[in-house]
Amino acid sequence: MLRIAVPNKGSLSEIAAEMLAEAGYSGRRDSRQLVHTDARNGVEFFYLRPRDIATYVGSGALDIGITGRDLLLDSGSAAHEIAHLDFGDSTFRFAAPTNEISDIADLAGKRVATSYPKLVDDFLRARGIEAILVKLDGAVESAVRLGVADAVADVVSTGATLRAAGLEIFGPVILESTAVLIGGAKRPEGVDRLLRRLRGVLVARKFVIMDYDLRESDLDAAVAIAGGIESPTVSPLKDEGWVAVRVMVSADEANDVMDRLADLGARAILVTAIHAARL
Ligand SMILES: Nc1ncnc2c1ncn2[C@@H]1O[C@H](COP(=O)(O)OP(=O)(O)OP(=O)(O)O)[C@@H](O)[C@H]1O
Ligand SMILES: O=P(O)(O)OC[C@H]1O[C@H](OP(=O)(O)OP(=O)(O)O)[C@H](O)[C@@H]1O
Ligand SMILES: [Mg+2]
């Protein structure tokens, strides 16, 4: 049985559970359940704190897990990234009260509050800067106002929390983070299947199918607008000189592509959602 660690709480838990459900796995029924067995798919899910997942996977106690790249690096665990999962994107940044600190070199000897001390320490050390790290569990943006730190290093998504605390980002990006699938030294049986399924979910979420009819002579121009992932499917129509085209298009670009195909003379342009995929 493949033993998988999934986030039980926090920003990553809901989407991770949704993706696994879309990938055909059964999940826990209520949020207090710690373990769930999906016998049909031969997997066992362990619901753990996202911060602890790398520890379990790195030690070999569990086979694979879903967590954040920032949490993986901060853990110092031997687990490694198998794939990124296209959700839970965030950046990890330094911030200080507006106009107070503008360069990371100025952090030498200063107090930096963070929930990710190893990540920050590794970053500063690699640049020869020695700061005093103040380890906090969360809400680190309040640390400066409350006088326990001179700057913070934290997850930034919209930046609203920083702004509300009167802080401004400075210095380089410490890390671009995203949700990742992590594994240990061995790659147990079943991992590739899970990965293929999760990739299928990502494709289904990101792409749509576009069908349209077109004059055959305009096909090259149409393929230049939307080339698909592999290659468009082209079938003859009963009307001489016309073809039906089917192609996968990024959902974000679908409207733009439809406009451009219509300008080219395409007719009956239809867009349909993808329920599941294996590429
Ligand atoms: N807006 C966000 N706020 C916090 N973490 C985010 C955000 N967007 C993505 N993440 C990612 O979620 C992971 C943090 O999850 P975690 O569950 O530990 O903290 P949380 O979402 O802050 O929840 P809590 O503070 O309630 O424990 C990190 O990988 C982080 O990069
Ligand atoms: O850039 P934003 O969109 O404002 O999001 C970033 C904030 O969200 C997270 O806090 P969370 O709500 O998880 O609270 P915590 O600090 O107690 O973990 C993170 O630690 C930042 O504080
Ligand atoms: Mg948090």
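User: Which residue just after H4 takes a positive phi?

Analyst: That is Gly-128, with a phi of about 70°. Do keep in mind that this is a predicted model.

User: Happy to. Which residues of helix H4 are buried, and what makes them so?

Analyst: In H4, residues 117-126, they are Leu-119, Val-120, Phe-123 and Leu-124. A residue is called buried if 20 or more other C-beta atoms lie within 10 Å of its own, so each of these four meets that cut-off.

User: How do you know that they are on the same side of H4?

Analyst: They cover an arc of only 120° around the axis, and therefore share one side of the helix. The face turned away from that buried side carries Arg-125 and Ala-126, which are exposed.

User: What do the buried residues of H4 pack against?

Analyst: Their partners are helix H3 (69-75) and the strands E6 (90-97), E7 (111-114), E8 (132-135), E9 and E10 (167-177).

User: Which residues does Val-112 touch, and why is that called contact?

Analyst: Leaving out residues up to four places away in sequence, Val-112 touches Leu-107, Val-120, Ala-131, Leu-133, Val-134, Ala-149, Ala-151, Val-152 and Ala-153.

User: Which residues have the most contacts inside the largest nonpolar core?

Analyst: They are Val-6, Val-57, Val-112, Ala-151 and Val-152, in a core of 61 residues. Strand E9 (residues 151-156) gives the largest share, 5 residues. Domain 1 (2-87 + 178-189) and domain 2 (90-177) each supply at least three. Another core, of 14 residues, lies apart from it and includes Phe-207, Tyr-212, Val-245 and Leu-261.

Definitions and conventions
Residues are numbered from 1 along each chain as its sequence is written. Chains are lettered from A and ligands numbered from 1 in the order in which they are written. This is a predicted model: local features need pLDDT of at least 70, side-chain atom pairs count only at pLDDT 80 or more; totals for chains, interfaces and linings use all residues. A nonpolar core is a set of buried Ala, Val, Leu, Ile, Met, Phe, Trp, Tyr and Cys residues joined through C-beta atoms within 7 Å. A residue is buried if 20 or more other C-beta atoms lie within 10 Å of its own, exposed if 12 or fewer, and partly exposed in between; C-beta atoms are placed from the backbone. Helices (H or I, at least four residues) and strands (E, at least two) are DSSP runs, numbered from the N terminus. Domain bounds come from an automatic or database domain assignment. Two residues are in contact if their C-beta atoms, placed from the backbone, lie within 7 Å. The arc is that of the directions from the helix axis to the C-beta atoms.
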